[in-house]
Amino acid sequence: MASISSLSQSSQAAAASFSPGCRRLRSRRSTPAAQVFCSAERQALFSRIAPVYDDLNDLLSLGLHRVWKRMAVSWSGAKKGDRVLDLCCGSGDLAFLLSERVGPEGEVTGLDFSSKQLLIASSRQNLSGKACHRNITWVEGDALNLSFPACYFDAITIGYGLRNLVDKRKAMEEMFRVLKPGARISVLDFNKSTSAFTTIFQEYMIDNVVVPVAGSYGLSEDYAYLKSSIQEFLTGQELEELARGAGFSDAQHYEISGGLMGNLVATR
Ligand SMILES: C[S@@+](CC[C@H](N)C(=O)[O-])C[C@H]1O[C@@H](n2cnc3c(N)ncnc32)[C@H](O)[C@@H]1O
């Protein structure tokens with residue numbers, strides 16, 4: 001039976017500790033594109049969407065998110081017997097892929113601050129017929145304050161997580177700290193493109209496909225947050241600079257699917 005480990009601080013306390021991130025907090029009923037959420041609100045959002053998150057990912061990406069996640073795991077360099085971390089694991093897609101890659105001799109930790117997302121990940125693990133999936137441990141915790149020792153992991157993935165963190169520099173420093181020298185992080189997310197055409201197309205798709213489809217699940221406001229979060233995110237070049245600033249010796253950002261998605265690969 002899979003279980004979820006709670007770290008010393010509860011997820012509520014973890015989220016509440018980000019009060020500086022609430023500076024620009026506005027009402028959830030304000031203009032959706034203008035919304036900026038503090039960590040506690042983001043936690044509530046991901047718990048709210050948890051029951052339909054996987055279905056919407058398949059629907060909105062036409063299944064392509066599975067391919068992007070396989071690419072991210074491959075870029076992480078994880079191999080048989082490794083001890084790896086999937087940050088902001090949500091319902092566990094990347095953690096399950098990592099689990100197959102590192103095999104039964106390896107160890108996977110999936111960390112998220114939404115207990116609802118972790119419950120879904122844990123029940124997927126219980127329903128899985130694959131023996132290797134037993135190598136996954138789910139941890140309720142804060143990506144900005146990791147309770148792991150320095151130089152602990154052989155690889156780290158984070159899928160659609162960094163954009164949602166209130167302090168991206170701190171997140172990068174934490175990943176650097178817990179990663180072994182020579183090991184890699186693989187950061188998959190929406191790409192904040194420098195091409196006007198790609199940005200217009202991305203925003204058109206969010207406004208005219210993503211938000212209306214999410215609306216049919218009663219979640220249009222929650223998904224409208226996507227557009228502002230990409231606008232406030234970092235370009236590929238800025239992500240590379242962030243990684244180098246945190247100490248990574250090498251950082252490369254790759255655009256995927258015509259620049260709609262991006263993946264940063266950085267080596268400690
Ligand atoms: C968009 S989901 C991505 C889930 C999964 N990685 C995937 O690709 O399907 C972002 C996840 O980040 C988590 N998250 C956001 N901020 C966090 C934080 N400070 N610490 C831990 N998890 C966080 C949310 O709870 C949510 O599950």
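Me: Which helix is the place of Glu238, and why does Glu238 count as partly exposed?

Reply: In this predicted model, Glu238 sits in helix α9, residues 236-245. Glu238 has 14 C-beta neighbours inside 10 Å, and because a residue needs 20 or more to be buried and 12 or fewer to be exposed, Glu238 falls in between and counts as partly exposed.

Me: What makes Leu60 partly exposed, and which residues does Leu60 touch?

Reply: Leu60, a residue of helix α2, has 18 other C-beta atoms within 10 Å; the threshold for burial is 20 or more and that for exposure 12 or fewer, so the residue is neither buried nor exposed but partly exposed. Leaving aside residues up to four places away in sequence, Leu60 touches Val209, Val210 and Val213. Leu60 and Ile206 are separated by 146 residues in sequence and by 9.5 Å in space, C-alpha to C-alpha.

Me: Why is Tyr160 called buried, and what is its phi?

Reply: With 22 other C-beta atoms within 10 Å, Tyr160 is called buried, because 20 or more are required. Tyr160 lies in the loop between β5 and α6 (168-178), and its phi is near 55°, a positive value in a residue other than glycine.

Me: What span is expected for helix α5, and what span does it reach?

Reply: Helix α5, residues 115-127, has 13 residues and reaches 18 Å from its first C-alpha to its last. The expectation is 1.5 Å times one less than the number of residues, which for this helix is 18 Å, and the span is close to that value. Its buried residues are Lys116, Gln117, Leu118, Ala121, Ser122 and Gln125.

Me: What makes α4 mostly covered, and which elements do its buried residues pack against?

Reply: Nine of the ten residues of α4 are buried, among them Asp93 and Arg101 as well as Leu94, Phe96 and Leu98. These buried residues pack against α3 (64-76), β2 (83-87), β3 (107-112), α5, β4 (136-140) and β5 (153-159). The helix is followed by Gly103, whose phi is positive, near 70°.

Me: Which residues have the most contacts inside the largest nonpolar core, and how many residues does it have?

Reply: The largest nonpolar core has 51 residues, and Val84, Leu98, Ile156 and Ala243 have the most contacts inside it. Its largest share, six residues, comes from α4. A second, separate core of eleven residues includes Leu45, Ile206, Val210 and Ala224. Ile156 touches Val84, Leu85, Leu87, Met175, Leu179 and Ile185, residues up to four places away in sequence not being counted.

Me: Which residues come nearest to the ligand, and what gives the most to the shell around it?

Reply: Of the 20 residues around the ligand, those that come nearest are Phe46, Cys88, Gly90, Ser114 and Gly159. The elements giving two or more residues to this shell are α2 (39-61) and α4 (93-102), and α2 gives the most, with three residues. By type, the shell divides into nine nonpolar, seven polar and four charged residues.

Me: How many helices and strands are in the protein chain, and what percentage of its residues are buried?

Reply: The protein chain contains nine helices and eight strands, and buried residues make up 44% of its 268 residues. Among contacts with a separation of 6 or more, 72% join residues 24 or more positions apart.

Notes:
Residues numbered from 1 in each chain as written. Predicted model: local features only at pLDDT ≥ 70, side-chain atom pairs only at ≥ 80, totals over all residues. Near = placed C-beta within 6 Å. Helix = DSSP H or I, 4+ residues; strand = E, 2+ residues; numbered from the N terminus. Nonpolar A, V, L, I, M, F, W, Y, C, P; charged D, E, K, R; others polar. Contact = placed C-beta atoms within 7 Å. Core = buried A, V, L, I, M, F, W, Y, C linked by C-beta atoms within 7 Å.
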